[in-house]
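Subject: Structure handover

Hello,

Here is the structure I promised to pass on. Please open it before reading further.

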Amino acid sequence: MSGSKYIAYDALPSWLAGLAREALVYAPRREGKAVTYRPLAEGEMPELRQRPTESAKHVVFPRSEALFTFAKTPGKPGVSLEEPEEPGRVVVFGALSCDARGFFAFDPVYNGSGTSQYPSGALKDPYYLKRREKTLLIVRACAAPLATCFCHWVGGGPASDQGADVLATDVEGGLVLRAVTEQGGALLASLPDAATEQENAAAAAHAGAEEKMGEAPDLADAPKALAKLFENTAFWGKESAHCLSCGTCTYLCPTCYCFNITDESNGIAGARIRSWDNCMSPLFTLETSGHNPRIGKAARLKNRIGHKFSYYPQLHDGRFSCCGCGRCIKSCPSSVDVRKIVLEAIKEVANG
Amino acid sequence: MSIQEELKQAVRAALSDAACVIGWGPGPDALRATPLFMRGEEDADALHAGFLSVSNPALYLPEYKGSKTAVVAKGCDARSVMQLVSENLVKREEVVIIGYGCKGVIDVDKVAAKLAEVCEPGEVTALREEGEDVVLITPKGEVRLPKSGITADKCSRCRFPNALDADVFVGEKAHAPADEDDYADLTAFEALPMEERQAFWEKEMSRCIRCYACRNACPLCVCRDHCVATSREPHWVSQADGVRDKLFFQVIHASHLAGRCTGCGECERACPMGIPVLLFKRALSRRVERLFAYRAGVDEGTPPLLAFTLDEPTIKERDW
């Protein structure tokens with residue numbers, strides 16, 4: 001763990017302000033009862049106590065973005081189109097390790113790498129990639145899990161540096177920052193080296209956090225089990241009984257990547273936007289004819305769980321489309337617990 | 001027999017008649033219960049009604065229309081049932097209300113604020129009730145908090161903590177903390193200059209993620225899959241991520257609830273981003289209360305905005 005840097009908490013606002021001169025810096029920010037990822041005001045201290053309510057995905061995948069704007073000039077033929085401005089560099093300070101790993105679910109969908117079923121010819125999504133390529137993540141390791149955390153069930157860990165450019169760890173009085181990528185290292189150039197004991201303290205914090213995670217159950221049978229339960233309406237009826245079919249789980253999820261495209265116009269000018277959409281909404285599958293193949297919350301919840309733990313892994317080498325951040329459980333108004341559903345699906349199928 | 005045992009017995013008894021009883025069971029962490037759907041007698045074993053019984057079981061009743069369903073109900077839950085009944089959205093004879101004396105429910109956001117220096121609410125491993133206090137077991141030791149400091153705001157102004165019109169009432173009736181709702185929160189807010197109020201809502205709504213948990217958690221929002229907010233033909237509300245559209249939806253929501261909202265507060269409680277959206281509804285509830293002398297879920301008769309009379313008895317037009 002050599003070559004780490006150190007920053008005292010007191011110095012954090014001015015260092016972040018320095019980074020903000022080169023890039024748009026998002027950081028956890030307390031707003032009312034929630035913690036968001038937003039640009040900080042000059043000299044503002046990021047929220048370091050309560051973990052962010054939302055994920056950091058909107059930094060790369062905005063809630064809505066204009067693909068182009070259009071306008072018609074009265075009395076003239078044709079429509080003029082304009083491309084949106086190029087996104088600039090972005091740094092996310094204080095992303096959780098689960099947030100960083102969440103982008104791994106997005107990447108193969110949007111970067112054209114294809115799937116095991118469709119290996120080539122997949123389209124690249126320029127809107128996503130432009131932002132993704134310009135975004136650096138300073139991940140802050142978690143010291144302890146919440147009751148709803150399960151990153152270690154799905155390949156992550158509280159101090160995982162996967163997907164991070166820098167890994168920051170809380171030690172006495174400040175943060176030890178270790179560069180994971182070259183670009184991440186460049187962000188740390190102005191900071192002093194960490195002392196050996198600080199590096200040791202960071203390593204001990206990682207080990208301590210990992211120990212607190214407890215045993216992770218084996219989810220290897222989840223894809224097959226969920227596929228088998230596809231027609232089992234009794235199972236899904238029971239599991240979804242308390243679901244409200246709102247979009248909280250989806251919109252707080254670091255791995256949910258679905259969108260909708262609409263033309264939003266006012267008079268003779270407007271924009272074609274793409275905005276977040278979610279499979280818990282009836283409109284997600286509503287067809288032009290008026291037919292909706294996915295009626296009711298049981299079918300919608302089945303899709304959400306099935307997508308993450310069965311359909312996506314079947315297309316992407318067994319990787320789950322879930323980073324275990326637990327936000328869908330923690331913020332669900334009726335405490336629907338994805339862990340419980342997946343484990344019960346495995347059990348249900350194992351018991352025949 | 002303890003009140004919890006009596007409630008379980010009442011649930012088992014109700015199951016002889018009702019296909020399902022909705023109450024609360026253990027949730028994903030120590031501060032949260034989850035709605036519990038009891039269909040067999042053994043399901044009642046997991047029931048616990050009390051300080052963590054936050055969600056409103058009346059929400060689910062329209063889904064079960066046509067079959068007899070029972071709810072374990074706080075006073076506010078029962079008011080939602082009564083309002084649904086008065087609008088003919090559920091049939092009274094299809095609902096069994098199992099009431100108990102509610103002494104208020106937890107507000108996890110208030111716990112978060114009290115624990116700020118200690119840990120996050122999700123790190124609390126157990127909660128123990130000791131009289132008027134709760135003791136939270138945290139990684140840094142025990143923390144004792146008076147319940148009064150972590151109880152939902154709606155509970156401190158509650159006039160009907162015991163289910164009105166309960167079919168079965170278990171245990172002693174709870175004492176009502178308030179004689180009337182003085183709308184002090186609303187009065188204080190409305191005393192601010194218009195610009196400040198506008199700025200407040202723009203700031204609050206700016207973190208709305210448009211998940212519509214507020215709408216879907218509302219027991220009186222019965223349009224469900226046919227909401228004007230997400231209708232694409234006609235396309236009333238834009239999909240853009242702007243404060244204007246988010247605020248617009250809240251105004252639609254509150255308007256549709258004028259004279260119907262019973263103040264259960266589930267919209268605000270459900271909001272993952274902690275936006276105080278109940279205040280919109282309270283603004284209209286107070287007006288309806290004053291104009292029509294009508295409190296949704298409490299006063300009998302057709303809700304005032306669902307009907308009209310040639311001479312509204314409480315509106316003195318000629319005096320204006």
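This is a predicted model: local features need pLDDT of at least 70, side-chain atom pairs count only at pLDDT 80 or more; totals for chains, interfaces and linings use all residues.

In chain B, look at Cys223(B). Cys223(B) is in no disulfide either, and its nearest cysteine sulfur, in Cys227(B), lies 6.6 Å away. Is Cys223(B) buried, exposed or partly exposed? Its relative accessibility is 47%, so Cys223(B) counts as partly exposed.

Sheet in chain A

Start with the open sheet of four strands in chain A. The order is S5-S4-S11-S10, and the pairing is antiparallel. Which strands stand at the edges? They are S5, residues 80–82, and S10, residues 259–266. Each of these two pairs on one side only. Neighbouring strands here are turned by 20° against each other on average, ignoring direction. S4(A) covers residues 64–71. S4(A) and S5(A) share three bridges, in the antiparallel sense. To find this pairing on screen, go to Phe70(A): its bridge partner in S5(A) is Leu81(A).

Sheet in chain B

Chain B has an open sheet of three strands, ordered S5-S6-S7. The pairing is antiparallel here. The edges are S5, residues 126–130, and S7, residues 141–146. Each has a single partner strand, so one side of each has no neighbour in the sheet. On average, neighbouring strands in this sheet are turned by 25° against each other, direction ignored. S6(B) runs over residues 133–138 and pairs with S7(B) through six bridges. One place to look is Ile137(B), which stands opposite Glu142(B) in S7(B).

Helix packing in chain A

H2(A) spans residues 97–110, and H3(A) spans residues 126–133. Their axes come within 10 Å and cross at roughly 135°. That angle makes H2(A) oblique to H3(A). The crossing is left-handed. Which residues meet there? From H2(A) come Phe103(A), Phe104(A), Phe106(A), Asp107(A) and Tyr110(A). From H3(A) come Tyr128(A), Leu129(A) and Arg132(A).

Helix packing in chain B

H8(B) packs against H10(B), residues 278–292, at an angle of about 40°. Their axes are 9 Å apart. H8(B) is therefore oblique to H10(B). This crossing is right-handed. H8(B) brings Leu247(B), Gln250(B), His253(B), Ala254(B) and Ser255(B) to the contact. H10(B) brings Phe280(B), Lys281(B) and Leu284(B).

A loop residue

Last, Gln239(B). Where does Gln239(B) sit? Its place is in the loop between H7, residues 213–216, and H8, residues 243–256, of chain B. Is Gln239(B) buried or exposed? Its relative accessible area is 14%, so Gln239(B) is buried. Leaving out residues up to four places away in sequence, Gln239(B) touches Ser64(A), Asn260(A), Thr262(A), Glu264(A), Ile273(A) and Ser275(A) in chain A. In chain B, Gln239(B) touches Arg210(B).

Best wishes

Conventions: Residues are numbered from 1 along each chain as its sequence is written. Chains are lettered from A and ligands numbered from 1 in the order in which they are written. Side-chain values use heavy atoms; hydrogens and water are left out. A disulfide is a pair of cysteine sulfur atoms within 2.5 Å. Buried means under 20% relative accessible area, exposed over 50%, partly exposed in between (1.4 Å probe, protein chains only). Two strands pair if DSSP finds at least two bridges between them. Axes are lines fitted to C-alpha atoms, for helices over the stretch in contact, and angles run from 0 to 180 degrees between N-to-C directions. Contact means heavy atoms within 4.5 Å. Angles under 35 degrees count as roughly parallel, over 145 as roughly antiparallel, 65 to 115 as roughly perpendicular and the rest as oblique. A crossing is left-handed if the near helix is turned anticlockwise from the far one by less than a right angle, and right-handed if clockwise.
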